[in-house]
Amino acid sequence: MNTIYCCSLCSKQYGTDQIIWKCNCGGLLDLKFTPVFKLKEIVSRPNSMWKYREAIPIEKDSDIVSFNEGFTSIIKLNFGKKSALIKQDHLFPTCSYKDRGASVLISKAKELKIKHLVEDSSGNAGCSIAAYSAKAKIKCDIYVPFSATEGKLFQIKSYGANLHKIVGTREDTTLAAYRAAEKYFYASHVWNPYFFHGTKTFAYETVEQLGWKCPDSVVLPTGNGTILLGSFIGFKELKEAGIIKKIPKIIAVQTKNCSPIFNEFKGIKTQKQFSYHTIAEGIAIVSPARLKQIIMVIKETNGDILTVTEEEISSTHKEMFKSGFCIEPTSASIIAGLKKYLKSLKKQEITISLFTGHGLKTANK
Ligand SMILES: *Cc1c(COP(=O)(O)O)cnc(C)c1O
Ligand SMILES: [Zn+2]
């Protein structure tokens, strides 16, 4: 496999044997990599995200850090007169889809023989990185905002990570992690492109589970855009490999109380938000590092972006529980957005979304 880092700003290239997390110019790094899809082998392998082995940029099988995760089931749900497909990604080993990204990123850390890493997160990415680091026997320091949910902190600590609770905003937490990253490997789910080459398996699995067909639209959350950008990479790779003919419309969901991408996309001029309150803590990101890329993806796929209110999130959250689905509030915010999107449609199309995080994580909130 020939994989290289490529700067999203100045196009400078770096070998992926280097331990770097951004370009010298400060730009975000992406991966240049050509995936291979061996369809015959893929369908005969056990169902996990690693069945797309030749499409994931890790050299040796012995470096793979995995719990045989992925290939989560898809369920059809009715919303009013319309329906949508939901991929149950809250049923991952650490109870959120972030495990897709962590499995690939920690495999890369193992390949690089990393002994100690750091990550900052509002919760779930920290849980995933902590669990996979535990499996790989890599020391890990996780930085979280003071306000992070108890259930997620319990997970991080129990996996054996050093937990650092930072007073201030989510951005203060990131700054603390940047400082620690001067010493240790920065396993960032936002900066490290290997994470996105894990979340992209959401697209692969969706297409295979639909009988190698592409949905018309995908409704996805957008804080830092880890599943949104990952899905785009996945669909694009499948299209370039000739497996699907089109890329679905990507519909992004933000909360009304924290909507920097929505504002930028719609050209709404506001003062930069410094404080916000939303029960969708997982997507409350004031300055998403990959904002420009997210907007590009929505435009390129002919998609859209919408916002949901706190009331819409909490009523959808209750509705989902009453239908037997145990998801966390952030996860409910995407379903609230999905309902809005379906309502706006004149006729039914094949729409897929996902449950992003399990409800027990926020049980005593
Ligand atoms: C991470 C996460 C999301 C999406 O967040 P991004 O910042 O866009 O990657 C959505 N729901 C849950 C539960 C999450 O943990
Ligand atoms: Zn650069």
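What arrangement do the four donor atoms around the zinc ion (ligand 2) form? In this predicted model, the arrangement is tetrahedral, because the angles that the donors subtend run from 105 to 117°.

The zinc ion (ligand 2) is held by the SG atoms of Cys-7, Cys-10, Cys-23 and Cys-25, at 2.3 Å. Along the sequence, the donor residues follow the spacing C-x2-C-x12-C-x1-C. Within this set, Cys-10 and Cys-23 form a pair that links distant parts of the chain, 13 residues apart. Cys-10 belongs to the loop between strand S1 (4-7) and strand S2 (13-15), while Cys-23 belongs to the loop between S2 and strand S3 (29-32).

The accessibility of each residue in this pair was also computed. Cys-10 is partly exposed, with a relative accessible area of 42%. Cys-23 has a relative accessible area of 3% and is therefore classed as buried, the cut-off for that class being under 20%.

Ligand 1 has 15 residues around it, of which Lys-98, Gly-223, Asn-224, Gly-225 and Thr-226 come nearest.

On the side of nitrogen, a polar side-chain atom of Thr-356 is placed 2.8 Å from a nitrogen atom of ligand 1. Taken alone, ligand 1 exposes 380 Å², and the protein buries 97% of that area.

Key
Residues are numbered from 1 along each chain as its sequence is written. Chains are lettered from A and ligands numbered from 1 in the order in which they are written. This is a predicted model: local features need pLDDT of at least 70, side-chain atom pairs count only at pLDDT 80 or more; totals for chains, interfaces and linings use all residues. Side-chain values use heavy atoms; hydrogens and water are left out. Donors are N, O and S atoms within 2.8 Å of the metal (3.2 Å for Na, K and Ca); water is not among the atoms, so sites may look incomplete. Four donors count as tetrahedral if all angles lie between 85 and 135 degrees; four count as square planar and six as octahedral if opposite donors are over 155 degrees apart and all others between 65 and 115; anything else is irregular. Helices (H or I, at least four residues) and strands (E, at least two) are DSSP runs, numbered from the N terminus. Buried means under 20% relative accessible area, exposed over 50%, partly exposed in between (1.4 Å probe, protein chains only). A residue is near a molecule or strand if one of its heavy atoms lies within 4 Å of it. A polar contact is a pair of N or O atoms within 3.5 Å; within protein, one must be able to donate a hydrogen and the other to accept it, and residues adjacent in sequence count only if both atoms are side-chain atoms. Accessible areas come from the Shrake-Rupley method with a 1.4 Å probe; for residues, only the protein chains shown count as cover.
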